[in-house]
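Please work through the exercises below with the sequence and the model side by side. Each task is followed by a solution that goes step by step.

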Amino acid sequence: MQRLGALLRRSQGDAVLAPQLLRTYATTQMTIRDALNSAMDEEMARDETVFVMGEEVAEYQGAYKITRGLLQKYGPKRVRDTPITEAGFTGIGVGAAFQGLRPIVEFMTFNFSMQAMDQIINSAAKHHYMSSGAITCPIVFRGANGAAAGVAAQHSQCFAAWYSSVPGLKVLAPYDAEDTRGLLKASIRDPDPVVFLENEILYGESFPVDQAVLDKDFVLPIGKAKVMRSGTDVTLIGFGKMVGYNLKAAELLEQEGISCEVVNLRSLKPLDREGIAQSIRKTHRVVSVEEGWPQCGIGSEIVSIAVEECFDDLDAPPERVTGAEVPMPYAANLEAAALPTTDHILAAVKRVMGK
């Protein structure tokens, strides 16, 4: 605080600098769980058409305690427990959105969303186009996506690439608490269906947030990536949990004299193609990291952007780090072998650096 006071005294009379300093230093810690809970709470208080539905979201307070306290505050009409029937309650949510409500549909895991693919894709995603703009579907599908721990093949799949290939959907994958609050609030307010991909492993992780992020009207723009760390030698691109892996790899590589720029995609559809290209043109090398399968993955699209828009700027072929092309094993040692690691990222960076 003494340092902050001295900096503010030096900046007296500078109307631009002082708020920047306050934004930098006035921070607190927030878990992803609390970021999700507070974002839904504030949007439900702001707009009475917003309601939450899903398995165990009410009486049990959510399978991961994401919806804790909402039933007591808003009552059973706006926090609704459903039977174990994803196709059924997703269809109810889509119909409610067609009629002007703003449902938040929780999937206990996106693995279970496969039961509701027809409702999400053929109903929610397509009706705005098929009705010539007459029908909107302001709905958020949210829940845990990707690998958890020790839950095997049918519970550890990443659906980022699947949903990102569908016209009419917006697909978001936050990393930290700022991403989560700002993007979830933006999703709830958006007129289009949004698939909001969280990560179970990150729910209890804490991240610094400043006072601006805690504002009840804080939202982030959909479709904009964020540079988490500036660098000059290679761009590391990822989303969700993999952003943390990229940041760790960048720290280790800095000790070897390699400067990494870390880009957090945040929005997978729409994808910030210009932001991605701008970073690649700066560093001339790119490594994409994701835990999903390699064929037709998000990394495939990153490589496409690098080749189509930055070919003359590349000093090395783009690299992809992905999960293995196998259903997720149950055994802990095999599970670890099927997922990307920091060592995989380090090796890929050294390849593009010619080391």
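**Exercise 1.** How are helix 3 and helix 9 oriented to each other: roughly parallel or roughly perpendicular?

Before starting, note that this is a predicted model, in which local features need pLDDT of at least 70 and side-chain atom pairs count only at pLDDT 80 or more, while totals for chains, interfaces and linings use all residues. Residues are numbered from 1 along each chain as its sequence is written, and side-chain values use heavy atoms, with hydrogens and water left out.

Step 1. Two packed helices are described by the angle between their axes and the distance between the axes. Helices (H or I, at least four residues) and strands (E, at least two) are DSSP runs, numbered from the N terminus. Axes are lines fitted to C-alpha atoms, for helices over the stretch in contact, and angles run from 0 to 180 degrees between N-to-C directions.

Step 2. For helix 3 (residues 32-46) and helix 9 (residues 177-189), the axes come within 9 Å and cross at roughly 30°. Angles under 35 degrees count as roughly parallel, over 145 as roughly antiparallel, 65 to 115 as roughly perpendicular and the rest as oblique, and therefore helix 3 and helix 9 are roughly parallel.

Step 3. The contact (heavy atoms within 4.5 Å) involves, among others, Ile32, Ala35 and Leu36 of helix 3 and Ala177, Thr180 and Arg181 of helix 9.

**Exercise 2.** Is threonine 235 buried or exposed, and which residues does threonine 235 touch?

Step 1. Threonine 235 lies in strand 10 (residues 234-238), and counts as buried because its relative accessibility is 0%.

Step 2. Leaving aside residues up to four places away in sequence, threonine 235 touches Glu261, Val263, Ser279, Ile280, Thr283, Arg285, Val286 and Val287. Serine 288, although 53 residues apart from threonine 235 in sequence, is 8.2 Å apart from it in space, C-alpha to C-alpha.

**Exercise 3.** Where is a cis peptide bond, and what is the phi of glutamine 61?

Step 1. Most residues other than glycine have a negative phi, and most peptide bonds are trans.

Step 2. The peptide bond from lysine 269 to proline 270 is cis, with omega near 0°, and proline 270 lies in the loop between strand 12 and helix 12 (273-283).

Step 3. Glutamine 61 has a positive phi, near 70°, and is buried at a relative accessible area of 17%.

Key
Buried < 20%, exposed > 50% of the residue type's maximum accessible area, 1.4 Å probe, protein only.
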